[in-house]
Amino acid sequence: MANKKTNEILEEQRRARREFLKLKQMQSGEIAPQPKPSEVAYAPKTLSEKLSNFWFHNKLYVIGIITAAIILAVTINQCATRVINDLEILYFTYTPVLDVQTQAMAEYFEEFATDLNGDGEVKISVINCGVYKNSKNMQYNNAILTKVQSVIAGNEKALLIITDDESIKYFDNLNLKDGLFETEKYLFDDKFYSAVKIEGTDELPHNLGISLRRISGTTLEKNKQIEKYYTASKELLNSIKE
């Protein structure tokens with residue numbers, strides 16, 4: 001038993017001398033130092049370990065790809081389901097209305113319009129630009145008037161304009177050489193008011209009318225598709241009058 005203990009002590013001493021010699025050799029550069037345990041690469045073996053290792057090193061990249069894919073899918077879906085308007089009509093009066101009322105107007109006009117873009121559906125949009133004549137909220141009114149001017153200047157689809165007795169004077173005061181409108185204002189009949197009446201909303205003023213704007217001598221005249229929209233708008237107006 002004593003011999004076994006002595007042998008263990010001698011073996012421990014020899015191991016210590018070997019480690020000491022190895023340390024001296026590493027310090028002197030004779031052999032390369034061994035990597036620390038934390039620096040030793042560990043190769044994952046099981047599927048769970050491989051997945052965990054992949055996620056640890058690539059999670060930001062994966063999250064970025066998934067986010068981009070979701071955004072792309074939503075965008076494609078919106079583009080695929082979005083209905084493109086065949087024509088648009090500007091509603092500009094000093095009697096503001098609700099969007100549900102302009103939507104009712106759009107549905108009324110769709111009965112007289114044609115499918116210009118060939119998607120199998122007639123779609124009209126009425127742009128709601130009602131302002132308050134005596135409102136103290138000039139910021140709101142100015143924003144609406146800016147929107148009206150933008151539509152007139154650059155929207156080739158919005159060649160028909162709904163006005164009341166007051167708002168049509170706004171266009172007269174623009175001092176355009178040949179005036180803004182090509183046609184006299186056509187006052188809507190009872191059929192129109194009955195069709196767009198919505199329960200629980202105020203009645204529309206009975207001085208509303210619709211006019212076709214002039215395109216000759218304007219920037220819209222250079223638009224390649226303006227003739228198509230002009231002809232369709234004129235036909236819609238004539239159909240309403242009949």
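Tutor: Let us begin with N85, which counts as buried because its relative accessible area is 16%; buried means under 20% relative accessible area, exposed over 50% and partly exposed in between, with a 1.4 Å probe and protein chains only. This is a predicted model, in which local features need pLDDT of at least 70 and side-chain atom pairs count only at pLDDT 80 or more, while totals for chains, interfaces and linings use all residues. Residues are numbered from 1 along each chain as its sequence is written, and side-chain values use heavy atoms, with hydrogens and water left out.

N85 lies in the loop between helix 2 (47-81) and strand 1, where helices (H or I, at least four residues) and strands (E, at least two) are DSSP runs numbered from the N terminus. The side chains of N85 and E88 are joined by a polar contact of 3.2 Å, that is, a pair of N or O atoms within 3.5 Å, of which, within protein, one must be able to donate a hydrogen and the other to accept it, and residues adjacent in sequence count only if both atoms are side-chain atoms. Beyond its neighbours within four places in sequence, N85 is in contact (heavy atoms within 4.5 Å) with N117, K123, I124, S125 and K157.

Now to the interior. A nonpolar core is a set of buried Ala, Val, Leu, Ile, Met, Phe, Trp, Tyr and Cys residues joined through side-chain atoms within 4.5 Å, and the largest one here has 34 residues, with M105, F109, I162, F192, I210 and L236 making the most contacts inside it. Among the elements that give two or more residues to this core are strand 1 (87-91), strand 2 (124-128) and helix 7 (226-241), and helix 7 gives the most, with seven residues. A second, separate core of 17 residues includes V131, L145, I152 and I168.

V131 sits in the loop between strand 2 and helix 4, and it counts as buried because its relative accessibility is 1%. Although V131 and P96 are 35 residues apart along the chain, their C-alpha atoms are separated by 5.5 Å. Setting aside neighbours within four places in sequence, the contacts of V131 include P96, N141 and I144.

In helix 4, the buried residues are N141, I144, L145, V148, V151 and I152. They lie on the same side of helix 4 because they cover an arc of only 120° around the axis, an arc taken from the directions from the helix axis to the C-beta atoms. What covers these buried residues includes strand 1, strand 2 and helix 5 (167-172).
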